[in-house]
Amino acid sequence: MSENEARALLRDLLAAGEFVKGDLEGAATAYQKGCDFGDLISCNSLGEAYRAGKGVEKDSERAVELFDRSCKRGEASGCRNMALSFITKGDFKNTVHYY
């Protein structure tokens, strides 16, 4: 298992509450570290945490930045979340760009 794969497993286990029930702050920290190391799924997951305010303070702008970063580097879930962000704002013109 590579270091990135190990980080991905840890962040998913923390988010699911496998070690400490409801350790959303620990999951957000793991997502941040993964994102810092270039793991695009971690960037997208951190964006989801910011969008929902789970483990971090709710911050829609930060969420969009993270979705955009992961989308521009090829992560489909980041593109989907960018599209959903535009749908929420009623901006259907930009939604099409990300779908």
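**Exercise 1.** Work out which residue pairs with Asp68 in a salt bridge, and where the two sit.

*Solution.* Start with the contact itself: Asp68 forms a salt bridge with Lys72, with the closest N and O atoms 3.1 Å apart. An α-helix has 3.6 residues a turn, so residues three or four places apart point the same way. Finally, check accessibility: Asp68 is buried at 17% relative accessibility, while Lys72 is exposed at 65%. (Buried is under 20% relative accessible area, exposed over 50%, partly exposed in between, using a 1.4 Å probe and protein chains only.)

A quick note on the model: it's predicted, so local features need pLDDT of at least 70, side-chain atom pairs count only at pLDDT 80 or more, and totals for chains, interfaces and linings use all residues. Residues are numbered from 1 along each chain as its sequence is written, and side-chain values use heavy atoms, leaving out hydrogens and water.

**Exercise 2.** Find the salt bridge of Glu48 and say which helices it ties together.

*Solution.* First, the partner is Arg80, with the closest N and O atoms 3.8 Å apart. Glu48 lies in helix α3 and Arg80 in helix α5, so the pair ties together parts 32 residues apart in sequence. (Helices are DSSP runs of H or I, at least four residues, numbered from the N terminus.) Last, accessibility: Glu48 is partly exposed at 28%, and Arg80 is partly exposed at 34%.

Definitions and conventions: Salt bridge = Lys/Arg side-chain N within 4 Å of Asp/Glu carboxyl O.
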